[in-house]
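Here is a short walk through one protein chain. Keep the structure in view and follow along from the surface terms to the core.

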Amino acid sequence: MPGGTARLAAALLLAAAPCFAAGPDKALSRVLEAIEEEVEAVLVLFDRVDREPHLFADLQRRLDALEALMRETRERRAT
């Protein structure tokens, strides 16, 4: 996993960890919530990059991490 993807995956696992005791549905719900929060942060960055172009590298890193996570998820489903 590239560094950004590894960090994102670790963050998602940490976000879901307290929920595992409550069951897989709760853990999945927390992971999905964390993904939604990351997507929201990316959307905010899109708006900020117009005003603050120096943030483009951070936006690109976050987009790459989300894309890699989606690609890995699709690949795992296919096998």
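A residue is called buried when its relative accessible area is under 20%, exposed when that area is over 50%, and partly exposed in between, using a 1.4 Å probe and protein chains only. This is a predicted model, in which local features need pLDDT of at least 70 and side-chain atom pairs count only at pLDDT 80 or more, while totals for chains, interfaces and linings use all residues. Residues are numbered from 1 along each chain as its sequence is written, and side-chain values use heavy atoms, with hydrogens and water left out.

Start with the overall layout. The chain has three helices and zero strands. Here helices (H or I, at least four residues) and strands (E, at least two) are DSSP runs, numbered from the N terminus. Read from the N terminus, the order of elements is α-α-α. Helix H2 covers residues 24-51. Helix H3 covers residues 56-78.

How far apart are the end C-alpha atoms of H3? They are 33 Å apart, which agrees with the 33 Å that its 23 residues should span at 1.5 Å a residue. The expected span is 1.5 Å times one less than the number of residues in the helix.

Next, the surface. The accessible surface of the chain is about 5600 Å², and 60% of it belongs to carbon and sulfur atoms. Such areas come from the Shrake-Rupley method with a 1.4 Å probe; for residues, only the protein chains shown count as cover. Of the 79 residues in the chain, 28% are buried.

Now look inside. The largest nonpolar core has six residues: Val42, Leu45, Val49, Leu55, Leu59 and Leu66. Such a core is a set of buried Ala, Val, Leu, Ile, Met, Phe, Trp, Tyr and Cys residues joined through side-chain atoms within 4.5 Å. H2 and H3 are the elements that give two or more residues to this core. The largest share, three residues, comes from H2. In H3, the buried residues are Leu59, Ala65, Leu66, Ala68, Leu69 and Glu72.

What does Leu45 touch, leaving aside its neighbours within four places in sequence? Leu45 is in contact with Leu55, Asp58, Leu59 and Arg62. Contact means heavy atoms within 4.5 Å. Among contacts in the chain between residues at least 6 apart in sequence, 40% join residues at least 24 apart.

Charged pairs come next. The whole structure holds four salt bridges, each a side-chain nitrogen of Lys or Arg within 4 Å of a carboxyl oxygen of Asp or Glu. One of them joins Glu38 and Arg62, at 3.7 Å from N to O. This pair links distant parts of the chain, with Glu38 in helix H2 and Arg62 in helix H3, 24 residues apart. Glu38 counts as buried because its relative accessibility is 16%. Arg62 is partly exposed, because its relative accessible area is 23%.

Arg62 has another partner. Arg62 also forms a salt bridge with Asp58, the closest N and O atoms being 3.9 Å apart. Four residues separate Arg62 and Asp58 in helix H3, so about one helical turn lies between them. Shared partners join Glu38, Asp58, Arg61 and Arg62 into one network of salt bridges. Elsewhere, Arg48 bridges to Glu52, with the closest N and O atoms 3.3 Å apart.
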